[in-house]
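Trainee: I have a structure to read and some labels to understand. Could we go through how each label is reached?

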Amino acid sequence: MSKPLLRAHKLYKSYAMGRAEVNVLRGASLTAEAGEFLVIRGASGSGKSTLLHLLGALDVPDRGVVEFRGENLLARSAAQRGVYRNREVGFVFQFYHLLPELNVLENVLVPSLVAHSFWHWRRERTPARRAAEEMLEQVGLGHRAAHRPNELSGGERQRVAIARALINHPTLLLADEPTGNLDEVIGAEILRLLVKLNQAGQTIVMVTHDANVASRAHRQLLLSKGVIGAASRTGGDAPPASLATREVAP
Amino acid sequence: MYKWFLAWRYLHTKLIAFFGIASVMLCVAMVLVVMSVMGGFLDTIRERSRGLHAEIVLDAVSMQGFPYYEEFGERVAKALPDVVRLTTPVIHTYGLFRIPATTFTSAARVLGLRLDEYRQVNDFGDGLNYDYYYPGTTRLEPQAMPVAGFTEDGDLHLPPDLEEANQRWRTAETDPEKIAAYDQNPFEKTPYPYVTPATAGDRVFAVDVGPPGYAEPELPSVIVGFDLLYVRGRDGSFLRHYARGTQVALALFPLSPTGNPTGEPPVRVPMRYVDDSRTGIYEIDKLCVYVEFDLLQHKLAMDPQPLVEGGMSKPRANQLLIGLHEGVELNAARDLIDAEWQAFRAEVEPDLREADARVLDMAEVYTWEDLQRPFIAAVEKERVLVTLLFAVISMVAIVLVGCIFYMIVEKKTRDIGILKALGASGRGVAGLFIAYAGAVGVVGSILGIVIGALFVWNINDFQDYLASLNPQLRVWSPDVYSFDRIPEVVKRADAVWVASLAVLASMVGSLIPAYLAGRVWPIKALRYE
């Protein structure tokens, strides 16, 4: 059996809050296959975002293992984890996290700028710019390329964030409550966009507390008291054939 | 690439960066002004010092002078024809300068020189006023006072030889503006007899109602240091108010060959003021008067004197100025001439009287740089010290840049988190802020250099303007700084140095904030509000 794209095994993470220590994750485990749309559900404060950050190597667990294509991310240096975030992962945040000084096109280009040195950029600038423009067309914002983030609606900002997350063609898209800050109509629009991307082959791991949003995924995992609970098949579109019979390892 | 891109973007979108730019700009401008003025001061000293002497000077060191200057001059010119171009003796002494008409009296350093030769070995001729407009008319031989008068057609003119000389200047002058300025005011005049403080200008002559001519008697001539005669006007201009040819007097104090006063009363010499000299060094122009070599030598009893033991003494001079051919290396020439001097001394030593032997022992061969070295070295030290002090003051800019960048990093914590989430490394984020600080330094330096250079180029106009408002605001005092004008030259190398250091200082100032930015934990940064 081939290795999963992403595997988290017995992740523990705690934070100090004043004098108290809060154990957020207490042995959470999961796997995600290539092409899968996986949702991690949980109540507010259940540690969903923390788990997502660990999967994206934005943070390191106190204990446990995160493997990407079978390789332990925690064994990598901080710089190599940065390369992982830049090349293999795209992040979509609840609050968009766009850079206010840059316009839409430039925001989409940032991962590409991070990926290239000053000298390489001279060669890559034109194709990267073309790719960013195409990405904006895909998310329906080609006409807003020159606008600043503060000139966009919430839904538009989130679409820019999705375009930015995809500019380097990452293997894995990690979305942290991408509709959490949007109204129902716009949220549904963003969700449709993510589903469309998944149908095109993009692996997505999303955390949300919204059952309706979660229902569009292939698979839902419930995070409760720091551990992943029972998996459930959802009413989303059919998963890729390779996923149809896979068991979820808690 | 994102480092440069974001650094550039932050530079012109973040208002706070302009405070950093302003602080760097002011510090760069301040240090550049100080370096330029002090550097210009030093360069002017060097340049003027070179123009004051000949390349090589055989100096008596002692005031009574040394004999055999003439013989050695001929010998060295013959022995080193490819090195030595010209030699000329000079006498230095001190005396009292007096203008009988106004009873003005002042101490003066009196130089006896052969004008034609003297102006060939240094820049003395360039600072003569009347010799500029009436070339060839400044001489140290006895002469009468030129008086302007009316010709038969009723025009006011100077005596013919002066008018002809002026015509020569007009023909040779290449700057039409100078001729136009002259034509507006052909010559300032002062009514006969001789002096009035009411008239002032560049050229001042006595005027009579008769035809132009000369007022007798003929008297020995003296060229007077400009600042000894005149004072600067409130607007910074220099005004002459003594007519050319005004009678003055020198009182001199002869010394014996051993350096003792002779015991005779001071020698009073009535003379005519024929020109004024501006070397540009205040101490010299305030103190020096220049007379004919043979006259001074005679009045100081430094010419051949009968000896008790019979025969005549050798004439004495204080210096022998030696002009070199163009391209001759200065120190090598000094060594050659010194070797020649030592050989000459050895030859004449057996015939020397004791007093002469002593002064010849003291006489040394110097280059003009050797003579000015103590002064130049002191100014060099002053320049380094002042520049250092201002550079230390400019350290404030580093601290200020540090504070500003600390604030920027605090404000940009969320952006740092975003960049790290998108794959930027801690080192890369630190590099972003260092590049940002570098950009602040570059822009601040460019602006600072422009402002500093504009200030330096117009510094004398600023000062003249301030002085016209209130004389107390004249900050550059020629009494203190030797030169009447503040140096106005900005050296490219100085500008490059100051700018480079400012950029470096800005980057150093940002190191701690950049380090902190690099250490920001992305999760905390993304949650930062």
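**Labels and the values behind them**

Trainee: Why does His169(A) count as exposed?

Mentor: This is a predicted model, and the label rests on a count of neighbours. His169(A) has 11 C-beta neighbours inside 10 Å. A residue with 12 or fewer is called exposed, so His169(A) counts as exposed. His169(A) sits in the loop between helix 5 and strand 7 of chain A. Its phi is positive, about 50°, although His169(A) is not a glycine.

Trainee: What makes Arg69(A) partly exposed?

Mentor: Arg69(A) has 14 other C-beta atoms within 10 Å. Exposed means 12 or fewer and buried means 20 or more, with partly exposed in between, so Arg69(A) is partly exposed. Arg69(A) is in the loop between strand 4 (63-68) and strand 5 (71-72) of chain A. Its phi is near 50°, a positive value in a residue other than glycine.

Trainee: Is Glu410(B) buried or exposed, and how do you know?

Mentor: Glu410(B) has 12 other C-beta atoms within 10 Å. The limit for exposed is 12 or fewer, and Glu410(B) is therefore exposed. Glu410(B) belongs to helix 13 (residues 368-411) of chain B. Its C-alpha atom is 9.9 Å from that of Ala525(B), a residue 115 residues apart from it along the chain.

Trainee: Why are helix 2 and helix 13 of chain B called roughly antiparallel?

Mentor: Helix 2 (residues 15-52) of chain B and helix 13 of chain B pack at an angle of about 180°. Angles over 145 degrees count as roughly antiparallel, so that is the label for the two helices. Their axes are 9 Å apart. The residues of this contact divide into 25 nonpolar, seven polar and four charged.

Trainee: How do you know that the length of helix 5 of chain A agrees with its number of residues?

Mentor: Helix 5 of chain A covers residues 154-166, which is 13 residues. The expected span is 1.5 Å times one less than the number of residues, so helix 5 of chain A should span 18 Å. Its end C-alpha atoms are 19 Å apart, which agrees.

Trainee: What makes helix 5 of chain A mostly covered?

Mentor: Eleven of its 13 residues are buried, among them Val160(A), Ile162(A) and Leu166(A). The buried residues of helix 5 of chain A pack against strand 6 (89-92), helix 3, helix 4, strand 7 (172-176) and helix 6 (184-199) of chain A.

Trainee: Which residues touch the most other members of the largest nonpolar core?

Mentor: They are Val108(A), Val28(B), Leu32(B), Phe433(B), Tyr436(B) and Val440(B), in a core of 134 residues. Helix 2 of chain B gives the largest share of this core, 17 residues. Leaving out residues up to four places away in sequence, the residues that Val108(A) touches include Met135(A), Val160(A) and Ala163(A).

Trainee: How many residues of each chain meet where chain A touches chain B?

Mentor: 24 residues of chain A are in contact with 18 residues of chain B. On the side of chain A, helix 2 of chain A supplies the largest share, six residues. By class, that side has 15 nonpolar, six polar and three charged residues.

Trainee: Which peptide bond is cis?

Mentor: The bond joining Glu216(B) and Pro217(B) is cis, with omega about 5°. Pro217(B) lies in strand 8 (residues 213-219) of chain B.

Conventions
Residues are numbered from 1 along each chain as its sequence is written. Chains are lettered from A and ligands numbered from 1 in the order in which they are written. This is a predicted model: local features need pLDDT of at least 70, side-chain atom pairs count only at pLDDT 80 or more; totals for chains, interfaces and linings use all residues. Helices (H or I, at least four residues) and strands (E, at least two) are DSSP runs, numbered from the N terminus. Two residues are in contact if their C-beta atoms, placed from the backbone, lie within 7 Å. Ala, Val, Leu, Ile, Met, Phe, Trp, Tyr, Cys and Pro count as nonpolar, Asp, Glu, Lys and Arg as charged, and the others, Gly among them, as polar. Axes are lines fitted to C-alpha atoms, for helices over the stretch in contact, and angles run from 0 to 180 degrees between N-to-C directions. Angles under 35 degrees count as roughly parallel, over 145 as roughly antiparallel, 65 to 115 as roughly perpendicular and the rest as oblique. A nonpolar core is a set of buried Ala, Val, Leu, Ile, Met, Phe, Trp, Tyr and Cys residues joined through C-beta atoms within 7 Å.
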